[in-house]
Amino acid sequence: MNQWPDGWTDDSRGRRGGGSGAPHPDPTRPMPHTSGPGVPPQSRGPVGQGYGGQGYGGQQGGGYGGGYGGGQQGQGGYEGHHGEHGGYDSGYNTGQVYGGGGSGGGPGDGRGPDDRPRPNWRRRIKWGAIILVVVVLAWSLGTYFWADSKLRREVDLSIVQDRPEGGDGTNYLIVGSDSREGMSKEERKDLHTGGPTDEGRTDSIMILHVGGGGDALISIPRDSDAVLPSFTGSDSGRKYPARGQHIKINAAYAKDGPELLVRTVEANTGLRIDHYAEIGFGGFAKIVDAVGGVELDIPQDIKDEKSGADLKKGKQTLNGKESLAFVRTRYALKGSDLDRTKNQQKFLSALGSKVASPWTVLNPFRFYPTMGSGLDSVRVDKDMSLWKLARMFWAMKGVSGGGGTSMNMPIAGPAPGGNLAWDKERVKKLVDQLNNGEKVTVSGGR
């Protein structure tokens, strides 16, 4: 059986290099260099190296030695005796590796086989900052809407009739009432507020003006003489005509609540009230305790059995109970309502400064108790927002810091029935300055 490759015979075994059967070998003919598609031409390498194919080797130094040789010299397929001097190689016998591979990284990447990518700290810091901002914004928005939802928007100023034109800035009517709403019998006794009452009254009335000419806090003595104007009943919708009746201004609140009080203040001053805020006895004490008390310089020793005040002269921090007693004290001050309103202004400005301080706003252990206890007990008009309420407290803080005017409504003297008559000429000048955005130069008191 012929085991030689096709075209070979036993007669050709002795021939070197094949040939045509002539007495002398055929002249050497160069073989074209070939390579696979996409593979660059390669130089000749050692015999027997390549891609592991079979080589058809002749005898030592003859034939096509190692053309497609195996990985070792003289091995693979039908090999020659040694394959050291093979005739022509195929160009695939260098054994070089083209392209990258494995996990050791490509050439020139600066990393060894065991290197790991370095952390990108700039990117991590950027994403950390973005996440922090998102969390803070979410917390802030959630807190804002939570607090805003707790406001008791119960006062409807839209039913107030014959309102004056507005002027520069914003006017808040701030009222401290003797409401015992939500207070237990023990709390009323402890705070010396007396028994429950069906008929609420105003214990303090103030106008806070926030405008271009400077902020101003103006107290209206509750015994101020006022003419009761025509009005519409807040619950019944009934129309009540004006009869020229003179009353103490706080009686308007007792007669028909906040809406009639606003109507009476506007009719007697000519100043439009934009917003209303009212706090009762219980809520007042809770707010003071929530902010950790209010520091105040007491001008004199005060002992008043009716209000429960028992305070010594000098600078001190008052808790909720002591603060309520201080702002309600009247008889220990020779019965003067004007002196009492000055103390109320002084304390309310100090309270506003404490509520609006960064230590309260940025401290969740104070902020949430303050908002929780305070907003539950504050009645405001239906157009009041949490932002506007915060602006009110910031303005009060500015007044207490000397950045505004603190005064009583100008008083002319006593009126019939023991009321306090306003100085109408100075009141008109004061209102004109507020409406025109001018600095207040009018003095209060007598």
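Visitor: Which element gives the largest share of the lining of the second largest pocket?

Guide: Rolling a probe the size of a water molecule over the atoms shows where empty space is left. On a 1 Å grid over the protein atoms alone, a pocket is an open set of points with protein on both sides within 12 Å along at least five of seven lines, and lining residues have an atom within 4 Å of a point. In this predicted model, the largest share of that pocket's lining is nine residues from α9. Helices here are DSSP runs (H or I, at least four residues; strands are E, at least two), numbered from the N terminus.

Visitor: What volume does this pocket have, and which residues lie nearest its centre?

Guide: A volume is the space filled by probe spheres set on grid points joined across faces, edges and corners. For the second largest pocket this gives about 980 Å³. Its lining has 45 residues, with V355, M371, L389, A390 and F393 nearest the centre. By class, the lining has 31 nonpolar, ten polar and four charged residues. Here Ala, Val, Leu, Ile, Met, Phe, Trp, Tyr, Cys and Pro count as nonpolar, Asp, Glu, Lys and Arg as charged, and the others, Gly among them, as polar.

Visitor: Is A390 buried, partly exposed or exposed?

Guide: Check the relative accessible area: buried means under 20%, exposed over 50% and partly exposed in between (1.4 Å probe, protein chains only). A390 belongs to helix α9 (residues 386-400), and at 28% it counts as partly exposed. It also pairs up across the chain: A356 is 34 residues away in sequence, yet the C-alpha atoms are 7.5 Å apart.

Visitor: How many of the ten residues of helix α4 are buried?

Guide: Eight of them, so α4 (residues 281-290) is largely enclosed by the rest of the structure. The buried ones are F281, G282, G283, F284, A285, I287, V288 and A290. After α4 comes G292, with a positive phi near 85°.

Visitor: How many cavities of 30 Å³ or more are there?

Guide: A cavity is a set of points where a 1.4 Å probe fits but cannot get out, and the count is five.

Visitor: What should I keep in mind about the numbers?

Guide: Residues are numbered from 1 along each chain as its sequence is written. Local features need pLDDT of at least 70 and side-chain atom pairs 80 or more, while totals for chains, interfaces and linings use all residues; side-chain values use heavy atoms, leaving out hydrogens and water.
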